[in-house]
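Trainee: I've got a model open and I'd like to learn how to read it. Could you walk me through it?

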Amino acid sequence: PDGTRRLGLNPVANGGLGLRDLDLPALEQHAVEVTTPGAQQTESTRVLGGYLRDVLRLNGSARNFRIVGPDETASNRLGAVFEATSRAWLGAVDAADTALAPDGRVMEILSETTCQGWLEGYLLTGRHGLFSCYEAFIHIVDSMFNQHAKWLDASSAVAWRRPIASLNILLTSHVWRQDHNGFSHQDPGFLDVVVNKKAEVVRVYLAPDANSLLTVTEMCLRSRHRVNVIVAGKQPQPQWLPLDEARTHCEAGVGIFGFASNDEDGEPDVVMACAGDVPTLETLAAVDLLRR
């Protein structure tokens, strides 16, 4: 017990004491110009890759930001980050190898549990990070997420423990766009695990386009003591919102796309669909709540 108490009082184990805000680039430098909603196709996470590259550049001297994940950084269209850093690598480097260095800020290994553990430990020492993963495989860390969320909730009631940077998880290669491996990569159920936690601890962001993705990523990197889960497609997709509208929409959390709506400030048409006895009862309850 004595040793446990001393470890808990070690300032190194109380990362919030030394936590410094990230220096973040202006979103305007990376925003996609949208003149007509849906008229152009862009890989949203590729746009985010340029933003994260600049996050790494701006915070290079502070060395307080890392990206972790399975060997999917380039696959998730975040390859621009390798213009600012390399993959962390302590082994031999062959002539055919690229973006490998001992001081690399991207940590890749084909083990989601290791990646989650790396980032949790990094955050607990007062630094920042992002975990990028395919949506179908993030389930491997379900129990680790549960424990971290539980710790965030419990530690928020401990006066001497300072808030740490949020655990930010980016899920790509998602269920709705599996262009070449649709049978093996279809599982959006991680969100079910996340949303049964307290709202004070978790946030889920379903970014519909690049500017929304930039906006919510900035919000997540500035947030504290939460688990933020962002789901965003890596395949080419229509771009809907200019940056200013994306900011308004994301800050509100929910909104109406004017270009796709004809309710003209009247009563909106809402269709509630269900199948089965229990879902029917739940849907009827939801309809009653909406009416009231």
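Predicted model: local features only at pLDDT ≥ 70, side-chain atom pairs only at ≥ 80, totals over all residues.

Trainee: Where does Ala 99 lie, and what is its phi?

Mentor: Ala 99 sits in the loop between E3 and strand E4 (100-101). Its phi is positive, about 55°, although Ala 99 is not a glycine. Arg 77 is another residue to look at here: its phi is near 70°, again a positive value in a residue other than glycine. You'll find Arg 77 in the loop between E2 and E3.

Trainee: Is Arg 77 buried or exposed?

Mentor: Buried means under 20% relative accessible area. Arg 77 has 16%, so it counts as buried.

Trainee: Now salt bridges. How do I spot one, and how many does the structure hold?

Mentor: You look for a side-chain nitrogen of Lys or Arg within 4 Å of a carboxyl oxygen of Asp or Glu. The structure holds 11 salt bridges. One of them joins the side chains of Arg 77 and Glu 43, at 3.0 Å from N to O. Arg 77 is in the loop between strand E2 (65-69) and strand E3 (87-88), while Glu 43 is in strand E1 (residues 41-43), so the pair ties together parts that are 34 residues apart in sequence. Both Arg 77 and Glu 43 are buried.

Trainee: Which residue forms a salt bridge with Glu 108?

Mentor: That's Arg 87, and the closest N and O atoms are 2.8 Å apart. This pair also links distant parts of the chain: Glu 108 belongs to strand E5 (residues 106-108) and Arg 87 to strand E3, 21 residues apart. Arg 87 is buried, with a relative accessible area of 19%.

Trainee: And what about the salt bridge of Arg 222 with Glu 218? Where do those two lie?

Mentor: Both are in helix H6 (residues 210-222), four residues apart, which is about one turn of the helix.

Trainee: Okay, helices next. At what angle do H6 and helix H7 pack?

Mentor: For any pair, ask about the angle, the axis distance, the handedness and the residues in contact. H6 and helix H7 (residues 243-252) pack at about 50°, and their axes are 8 Å apart. The two helices are therefore oblique to each other, and H6 passes H7 in a right-handed crossing. On the H6 side the contact is made by Asn 211, Ser 212, Thr 215, Val 216 and Met 219, and on the H7 side by Leu 243, Ala 246, Arg 247 and Cys 250. Sorted by class, the contact of H6 with H7 has five nonpolar, three polar and one charged residues.

Trainee: How do H3 and H4 lie: roughly parallel or oblique to each other?

Mentor: Angles under 35 degrees count as roughly parallel. Helix H3 (residues 112-124) and helix H4 (residues 142-155) pack at about 15°, with their axes 11 Å apart. H3 and H4 are therefore roughly parallel, and their crossing is left-handed. Residues in the contact include Gly 117 and Leu 124 of H3 and Phe 145 and Trp 151 of H4. By class, there are four nonpolar, four polar and one charged residues in the contact of H3 with H4.

Trainee: What is the handedness of the crossing of H2 and H6?

Mentor: Right-handed. Helix H2 (residues 44-58) packs with H6 at about 35°, and the axes are 8 Å apart. Among the residues in contact are Leu 48 and Tyr 51 of H2 and Leu 214 and Glu 218 of H6. The contact of H2 with H6 divides into eight nonpolar, three polar and one charged residues.

Trainee: One last thing. Where is Pro 279, and how far is it from Ser 212?

Mentor: Pro 279 is in helix H8 (residues 277-291), and at 31% relative accessibility it counts as partly exposed. Pro 279 and Ser 212 are 67 residues apart in sequence and 31 Å apart in space, C-alpha to C-alpha.

Methods: Residues numbered from 1 in each chain as written. Heavy atoms only, no water. Buried < 20%, exposed > 50% of the residue type's maximum accessible area, 1.4 Å probe, protein only. Axes fitted to C-alpha atoms, helices over the stretch in contact; angles between N-to-C directions. Parallel < 35°, antiparallel > 145°, perpendicular 65-115°, else oblique. Left-handed = near helix turned anticlockwise from the far one by under 90°. Contact = heavy atoms within 4.5 Å. Nonpolar A, V, L, I, M, F, W, Y, C, P; charged D, E, K, R; others polar.
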